[in-house]
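Trainee: I have a model open beside its sequence, and I would like to learn how to read it feature by feature. Could we go through it together?

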Amino acid sequence: MTEFSPSSNRPPSLTKSILAAEPIGAASSPRILVVEDDFLISLEIESTLAGAGFEVVVVGSGEEALNAAAANRVDLVIMDMRLAGAMDGVEAATELFKTYGLRSVFATAHSDQHVRARAAAAQPLGWLVKPYSPASLLAAVQAALGGAGN
């Protein structure tokens, strides 16, 4: 499977990053920040979420996730546990929670008790165990958004 680490390797046409301010009172779709360093998986997640009507911002590292959260209104984070770069998904999700109050749904092939205990500080809204289907991704997002008061 092809992997990439910096999102600069991702063609600009594939990343939906909406930086313009929304008009006051404008109804908008929930915006999901996807943090995934595997190109094919991120493309599938982006396609599934955008097809369901969500606004999607995709990045490939924890550092980029922090920058994206600072630049975009984000409602939910889909966070891969293993990321390229200095931060892993747990560290990035914890920092996003502490700094911006953003909660995550973790996507991982590794969901043992040690991993879950380490991730508790990020107060995750759910877990997607890889490989997962588009239907289970959408169900997890809907449950997380409903549980987060959105």
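This is a predicted model: local features need pLDDT of at least 70, side-chain atom pairs count only at pLDDT 80 or more; totals for chains, interfaces and linings use all residues.

Trainee: How should I read the two sides of a strand in general, and why is β2 described as largely enclosed?

Mentor: In a regular strand the side chains alternate between the two faces of the sheet. In the present case five of the five residues of β2 are buried, so the strand is largely enclosed by the rest of the structure. As for its partner, β1 runs parallel to β2 and is joined to it by five bridges, with Arg-31 standing opposite Glu-55 of β2.

Trainee: Which residues of strand β5 lie on its covered face, and which on its uncovered one?

Mentor: In β5, which spans residues 126-129, Gly-126 and Leu-128 make up the covered face, whereas Trp-127 and Val-129 make up the uncovered one. Strand β5 runs parallel to β4 (residues 104-108), and four bridges join the two; within this pairing, Thr-108 stands opposite Val-129.

Trainee: Before we turn to the helices, how many helices and strands does the protein have, and in what order do they come?

Mentor: There are five helices and five strands, and from the N terminus on they follow the order β-α-β-α-β-α-β-α-β-α. Of the 150 residues, 43% count as buried. To see how the chain comes together, consider the contacts between residues at least 6 apart in sequence, of which 67% join residues at least 24 apart.

Trainee: How do I read the buried side of a helix?

Mentor: An α-helix has 3.6 residues a turn, so residues three or four places apart point the same way. In helix α3 the buried residues are Gly-89, Val-90, Ala-92, Ala-93, Thr-94 and Leu-96, and these pack against β1, α2, β3 (76-80), β4 and α4 (113-119). Helix α3 has 12 residues and reaches 16 Å from its first C-alpha to its last, which is close to the 16 Å expected at 1.5 Å a residue.

Trainee: Which residues of α2 are buried, and what covers them?

Mentor: In α2, residues 62-71, the buried ones are Gly-62, Glu-64, Ala-65, Leu-66, Ala-68 and Ala-69, and their cover includes β1 (31-35), β2 (55-59) and α3 (89-100).

Trainee: Could we look at one residue of α3 in detail, and is Gly-89 buried or exposed?

Mentor: Gly-89, which has its place in helix α3, is buried, because its relative accessible area is 0%, and the cut-off for burial is under 20%. Leaving aside neighbours within four places in sequence, Gly-89 is in contact with Met-79, Asp-80, Met-81, Leu-83 and Phe-106. Its C-alpha atom is separated by 9.7 Å from that of Ala-65, a residue 24 places away along the chain.

Trainee: Where is Met-87 found, and what does it touch?

Mentor: Met-87 is found in the loop between β3 and α3, and it is buried, with a relative accessible area of 16%. Not counting residues up to four places away in sequence, Met-87 touches Gly-62, Glu-63, Leu-66, Ala-92 and Glu-95. Met-87 and Ser-61 are 26 residues apart in sequence, yet their C-alpha atoms are 7.4 Å apart in space.

Trainee: What should I look for in the backbone of the loops?

Mentor: Two places deserve a look here. A cis peptide bond, with omega about -5°, joins Lys-130 and Pro-131, and Pro-131 is found in the loop between β5 and α5. Gln-123, in the loop between α4 and β5, has a phi near 45°, a positive value in a residue other than glycine; this residue is partly exposed, with a relative accessible area of 39%.

Trainee: Finally, how many cavities of 30 Å³ or more are there, and what lines the largest cavity?

Mentor: The count comes to one cavity of 30 Å³ or more, and the largest cavity has a volume of about 30 Å³. The residues lining the largest cavity are Glu-44, Ile-45, Thr-48, Tyr-132, Ser-133, Pro-134 and Leu-137. The elements that give two or more residues to this lining are α1 (39-51) and α5 (134-147), and the largest share, three residues, comes from α1. By class, the lining has four nonpolar, two polar and one charged residues.

Technical notes. Residues are numbered from 1 along each chain as its sequence is written. Side-chain values use heavy atoms; hydrogens and water are left out. Buried means under 20% relative accessible area, exposed over 50%, partly exposed in between (1.4 Å probe, protein chains only). Contact means heavy atoms within 4.5 Å. Two strands pair if DSSP finds at least two bridges between them. On a 1 Å grid over the protein atoms alone, a cavity is a set of points where a 1.4 Å probe fits but cannot get out, and a pocket is an open set with protein on both sides within 12 Å along at least five of seven lines; lining residues have an atom within 4 Å of a point. Grid points are joined across faces, edges and corners, and a volume is the space filled by probe spheres set on the points. Ala, Val, Leu, Ile, Met, Phe, Trp, Tyr, Cys and Pro count as nonpolar, Asp, Glu, Lys and Arg as charged, and the others, Gly among them, as polar. The expected span of a helix is 1.5 Å times one less than its number of residues.
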